[in-house]
Amino acid sequence: MCPLPLAAAAVAAPRTPLRLLGRGLAAAMSTAGPLKSVDYEVFGRVQGVCFRMYTEDEAKKIGVVGWVKNTSKGTVTGQVQGPEEKVNS
């Protein structure tokens, strides 16, 4: 299991750690151009395999921000925000 910082999550599911990605929206907004926000849910074997940690590392490399968390359904849900071309990548 990956240790994660705790943060509030407004969901009906049991409280789970919320993983924040990147350094904040201000860092993503520092580049000119349209911003994009995408909500997503990942199905399959994504819990117990450090998927959230991997997602955070990739977000830092690409230069986007957002959050990711486990759900009570066994999936991972999240949101990614940043310049459109980086979010699309």
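E41 and K73 form a salt bridge, with their closest N and O atoms 2.9 Å apart. A salt bridge here is a side-chain nitrogen of Lys or Arg within 4 Å of a carboxyl oxygen of Asp or Glu. E41 sits in strand β2 (residues 35-42) and K73 in the loop between β3 and β4, so this pair ties together parts that are 32 residues apart in sequence. E41 is partly exposed, at 31% relative accessible area. K73 is exposed, at 61%. The cut-offs are under 20% relative accessible area for buried and over 50% for exposed, with partly exposed in between (1.4 Å probe, protein chains only).

The model is predicted: local features need pLDDT of at least 70, side-chain atom pairs count only at pLDDT 80 or more, and totals for chains, interfaces and linings use all residues. Residues are numbered from 1 along each chain as its sequence is written, and side-chain values use heavy atoms, with hydrogens and water left out.

Now the overall layout. The protein chain has three helices and four strands. Along the sequence they follow the pattern β-α-β-α-β-β-α. Helices (H or I, at least four residues) and strands (E, at least two) are DSSP runs, numbered from the N terminus. Of the 89 residues in the protein chain, 33% are buried. Contacts are counted for heavy atoms within 4.5 Å. Among contacts with a separation of 6 or more, 67% join residues 24 or more positions apart. The accessible surface of the protein chain is about 5600 Å², and carbon and sulfur atoms hold 59% of that surface. These areas come from the Shrake-Rupley method with a 1.4 Å probe; for residues, only the protein chains shown count as cover.

Strand β3 (residues 65-70) and strand β4 (residues 76-83) pair in the antiparallel sense over six bridges. Pairing requires that DSSP finds at least two bridges between two strands. β3 and β4 form a hairpin with five residues between them. In its turn, G74 has a positive phi of about 90°. Two bridges can be followed by residue. V68 has G78 as its bridge partner in β4. G66 has V80 as its bridge partner in β4.

β4 also pairs with β2. Eight bridges join these two strands, which run antiparallel. One partner pair is K36 with G82 in β4. How many residues of β4 are buried? Eight of its eight residues are buried, and β4 is mostly covered. For β3, the count is five of six residues buried, so β3 is largely enclosed by the rest of the structure.

The UniProt record, an unreviewed entry, places the annotation "active site" on R52 and N70. The two span 19 residues in sequence, yet no two of their C-alpha atoms are more than 8.2 Å apart, so they gather at one spot. UniProt positions are given in the numbering used here, feature names are shortened, and annotations may be inferred rather than shown by experiment. R52 is found in helix α2 (residues 51-62). N70 lies in strand β3. Are these residues buried or exposed? R52 is buried, at 9% relative accessibility. N70 is buried too, with a relative accessible area of 12%.

Helix α2 deserves a walk of its own. The count of salt bridges comes to three. One of them joins the side chains of K60 and E56, at 3.6 Å from N to O. Both residues lie in α2, four residues apart, about one turn of the helix. E56 counts as buried, at 10% relative accessibility. Another salt bridge joins the side chains of K61 and E58, at 3.1 Å from N to O. K61 and E58 are three residues apart in α2, so about one helical turn separates them. K61 is exposed, at 65%. E58 is partly exposed, at 23%.

A59 is also in helix α2. A59 is buried, at 6% relative accessibility.
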